[in-house]
Amino acid sequence: MRTATYFFIFLNLSLAMFEEPAVYPLPFLVTSVVEVLCLLVFFGRLTHFAKVTHRSVFWKDTKNICIMAAILLSLTDLAIYGVLRIYNMKSVRWSRIVRPIFLINFAESRQIRRAFRSIRNTLPEITYVFLLFMFSLLMFSLMALKLFGERNLQTAEGLPYFRNYLEIVFDLYVLVTTANSPDVMMPAFDFSSWYALFFIAFVIINTYIFMSLFLAVVYNNYKKHLKVI
């Protein structure tokens, strides 16, 4: 039964690859029948669990309530989406976001719940490091706006370079991952090679120092909570 539960959970999550918009699109009737089958299996598993569990214990367990709510929401959303398709009206399957609930809340997923509890307990303790990182990012973005915003620089595509504060924040945030390096700094470097010092300082502080610190805090706190749970 555990293997069957995991199989249908995996099948239910895999529907995202075949539902519109999809990587490998299948007809709506096919995906809806598979989803209904998965939901019926989940409901049968929950019913079986209710038969071997005392009623007061069953209804006090929030995991069971979450599974029942996810089944009802999925069926309701599927019915609404199907009716709208009949009348050629566009809609969005908003219930897809509740599908991971089945993976987390079934009794067989004890280790997954343990990992999620560790993540939840770790989040408040890494908030301070994250806020410091965001403060550094915002300050560097403000300095970039003052340094480059009034020099009428342009990117290789002829677009304005570092003149919008929010776009600067996004570009520097991407630079933390080095995904847009060195392209993001080339217009400033072409104007004056001294401007490379700004980007070097940014990468050293935010990529090498803050990201290493952030990773260390996350790892240590997650490891600590994993031992406690």
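How much of the chain over residues 1–16 is helix, and how far apart are the end C-alpha atoms? Over that stretch the chain is 81% helix and 0% strand, with 24 Å between the end C-alpha atoms. Keep in mind as you look around that this is a predicted model.

**What the UniProt record says**
- Residues 1–16 carry the UniProt annotation "signal peptide", which comes from an unreviewed entry.
- UniProt also puts the feature "domain: Ion transport" (unreviewed entry) at residues 5–224.
- In the model, that 5–224 span is 71% helix and 0% strand, and its end C-alpha atoms sit 31 Å apart.

**How the chain divides up**
- The domain assignment gives you domain 1 at 1–108 and domain 2 at 119–228.
- Taken over C-alpha atoms, the centres of domain 1 and domain 2 are separated by 40 Å.

**Where α6 meets α7**
- Helix α6 (residues 110–148) and helix α7 (residues 165–176) have axes that come within 9 Å and cross at roughly 125°.
- Because of that angle, α6 counts as oblique to α7.
- The crossing of α6 and α7 is right-handed.
- On the α6 side, the contact is made by Phe-133, Leu-137, Leu-138, Phe-140, Ser-141, Leu-142, Ala-144 and Leu-145.
- From α7 come Tyr-165, Ile-168, Val-169, Leu-172, Tyr-173 and Val-176.
- Sort the residues of this α6–α7 contact by type and you get 13 nonpolar, one polar and no charged.

How values were computed:
Residues numbered from 1 in each chain as written. Predicted model: local features only at pLDDT ≥ 70, side-chain atom pairs only at ≥ 80, totals over all residues. Heavy atoms only, no water. Axes fitted to C-alpha atoms, helices over the stretch in contact; angles between N-to-C directions. Helix = DSSP H or I, 4+ residues; strand = E, 2+ residues; numbered from the N terminus. Parallel < 35°, antiparallel > 145°, perpendicular 65-115°, else oblique. Left-handed = near helix turned anticlockwise from the far one by under 90°. Contact = heavy atoms within 4.5 Å. Nonpolar A, V, L, I, M, F, W, Y, C, P; charged D, E, K, R; others polar. UniProt positions renumbered as here; feature names shortened; annotations may be inferred. Domains from an automatic or database assignment.
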